[in-house]
Amino acid sequence: MTVRPQGPRIVAYGVSVLMLVCIVVFARALPDYVRFAPSEKVTMSLLLLATLALLHGVGRSVVRADERGIDVLNGYRRHRLAWEQVEGISMREGAPWPTLVTTDDRRIMLFAVQRTDGRGREIVAQLRAWCDGRA
């Protein structure tokens, strides 16, 4: 099973495209007498790249699971765990995404499984079944 967040992906990549379009439109609309110093251009470029990298991290979140284990990619950090390393998975009422608890008591948020996508409970049930060895 592979799960990617639908809503956050659309928002992240939509905002990225919108930002780039706005920057191009605003840059062309500025009068000729408005000039930016090289240091200002570098600063604006770095801020833009950092924002785009953050939005891309949100959009690339994914959870892959099978009978052997679970692979969680949250932004730019990956967690690979065998089911024996997983203590449990919970999705409390009102929580936006589930939390995976490892046997060494680490907490890993499953950002790719979003309650707002409508399949959160179904996905958590499948992950719990694999965790318990029932799937």
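Predicted model: local features only at pLDDT ≥ 70, side-chain atom pairs only at ≥ 80, totals over all residues.

Residues are numbered from 1 along each chain as its sequence is written, and side-chain values use heavy atoms, with hydrogens and water left out.

**Exercise 1. Salt bridges**

Find how many salt bridges the whole structure holds, and look at some of the partners.

*Solution.* 
- Start with the criterion: a side-chain nitrogen of Lys or Arg must lie within 4 Å of a carboxyl oxygen of Asp or Glu.
- Run that over the whole structure and you get 6 salt bridges.
- One of them pairs Asp66 with Arg68, with the closest N and O atoms 2.7 Å apart.
- Now check exposure, where buried means under 20% relative accessible area, exposed over 50%, and partly exposed in between (1.4 Å probe, protein chains only). Asp66 comes out at 22%, so it counts as partly exposed, while Arg68 is exposed at 64%.
- Arg106 and Asp104 also meet in a salt bridge, at 3.4 Å from N to O, and Arg106 is partly exposed at 34%.
- Arg107 and Asp105 make another, at 2.7 Å from N to O; both Arg107 and Asp105 are exposed.
- Finally, look for shared partners: Asp71, Arg78 and Arg80 are joined by salt bridges into one network.

**Exercise 2. The open sheet**

In which order do the 3 strands of the open sheet lie?

*Solution.* 
- Get the strands: they are DSSP runs (E, at least two residues), numbered from the N terminus, as are helices (H or I, at least four).
- Pair them up: two strands pair if DSSP finds at least two bridges between them.
- The order is E5-E6-E7, with antiparallel pairing.
- Strand E5 (86–90) and strand E7 (107–109) each have a single partner strand, so they stand at the edges and one side of each is left without a neighbour in the sheet.
- From one strand to the next, the twist averages 20 degrees, with axes taken as lines fitted to C-alpha atoms (for helices over the stretch in contact) and angles running from 0 to 180 degrees between N-to-C directions.
- Zoom in on E6 (residues 99–102) and E7: 3 bridges join these antiparallel strands, and Leu100 has Ile108 in E7 as its bridge partner.

**Exercise 3. A hairpin**

Which residue in the hairpin of E3 and E4 takes a positive phi?

*Solution.* 
- Strand E3 (residues 69–74) pairs with strand E4 (residues 77–82) over 6 bridges, in the antiparallel sense.
- Asn74 stands opposite Arg77 in E4.
- The hairpin has 2 residues between the strands, and Gly75 takes a positive phi near 65 degrees.

**Exercise 4. An aromatic pair**

Work out why the rings of Trp97 and Phe111 count as edge-to-face.

*Solution.* 
- The rule: rings of Phe, Tyr and Trp (its six-membered ring) pair if their centres lie within 6.5 Å; planes under 30 degrees apart are stacked, over 60 edge-to-face, and the rest tilted.
- The structure holds 2 aromatic pairs.
- For Trp97 and Phe111, the centres are 4.7 Å apart and the planes stand at 85 degrees, so the pair is edge-to-face.
- Trp97 sits in the loop between E5 and E6, and Phe111 in the loop between E7 and helix H3 (120–132), 14 residues apart.
- Trp97 is partly exposed at 27%, and Phe111 is partly exposed at 29%.
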